[in-house]
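The following report looks at the fold of a single chain, then at one of its helices and at a charged patch on its surface.

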Amino acid sequence: MGSEQSYSGEGMSSLAQGVIRVVVATRKRQFLVAIVDDDAGVRAAIQNLLESNGFRCWGFSSAEQFLRSRQVTKAACLILDLRLVDMSGLQLHRALQAKGLTIPVIFVTAEDDAKKQLSQACVLAVLHKPFDSEELVRLVRLAAEARGTR
């Protein structure tokens, strides 16, 4: 997904070449990643990382904010902190499942016992803060491929 497609441009006007670049860039950004983390710095860092890798992202400071948004039904992947202020990430995950929304979830957490808490949750992955940024991008790409969106 991070690779650029190139066109020789033979026989095309510069306007046509520009339109092709925009279409390719737009197609790459169709996969929407929702990020729910009450730490604004972590949320912004994840959003910047993923947007620089071609993903479209929306950040939310709470589970309730995400649940009230239109992105709740549009998100193709959810990056979720386990410990949130209003409801836990696990409670949010369960609420989404109860609504029939099967969004691939990647939990990011500083909790040592997170894997134990999430062992029955059917999530894509659990990453411990600080996490490897390349691993997060790899997991989001995996979710995108599983959804058939690249």
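Helices and strands are taken here as DSSP runs, of at least four residues in state H or I for a helix and at least two in state E for a strand, and they are numbered from the N terminus. On that basis the chain of this predicted model has six helices and five strands, and its elements, read from the N terminus, follow the order α-β-α-β-α-β-α-β-α-β-α. The chain counts 150 residues, of which 41% are buried.

Helix H4, which spans residues 89-98, holds the buried residues Gly89, Leu90, Leu92, His93 and Leu96. Viewed down the axis of H4, these buried residues fall within an arc of 160 degrees, so they line one face of the helix. An α-helix has 3.6 residues a turn, so residues three or four places apart point the same way. On the face of H4 turned away from the buried side lie Arg94 and Ala98, both exposed. Just after H4, Gly100 adopts a positive phi of about 80 degrees.

| Side of H4 | Residues |
|---|---|
| Buried | Gly89, Leu90, Leu92, His93, Leu96 |
| Turned away from the buried side, exposed | Arg94, Ala98 |

On the surface, a patch of negative charge is formed by Asp38, Asp39, Glu64 and Asp86. Of these residues, Asp86 is placed in the loop between strand S3 (77-81) and H4. Asp86 has a relative accessible area of 35% and is therefore partly exposed, since that class lies between the limits of 20% for buried and 50% for exposed.

How values were computed:
Residues numbered from 1 in each chain as written. Predicted model: local features only at pLDDT ≥ 70, side-chain atom pairs only at ≥ 80, totals over all residues. Heavy atoms only, no water. Buried < 20%, exposed > 50% of the residue type's maximum accessible area, 1.4 Å probe, protein only. Arc of directions from axis to C-beta. Patch = residues over 30% accessible without salt bridge, like charges linked within 9 Å, V, L, I, M, F, W, Y side chains within 5 Å. Areas by Shrake-Rupley, 256 points an atom, 1.4 Å probe, with all protein chains shown as cover. Salt bridge = Lys/Arg side-chain N within 4 Å of Asp/Glu carboxyl O. Lys, Arg positive; Asp, Glu negative; His and termini not counted. Charge placed at Lys NZ, Arg CZ, Asp CG, Glu CD.
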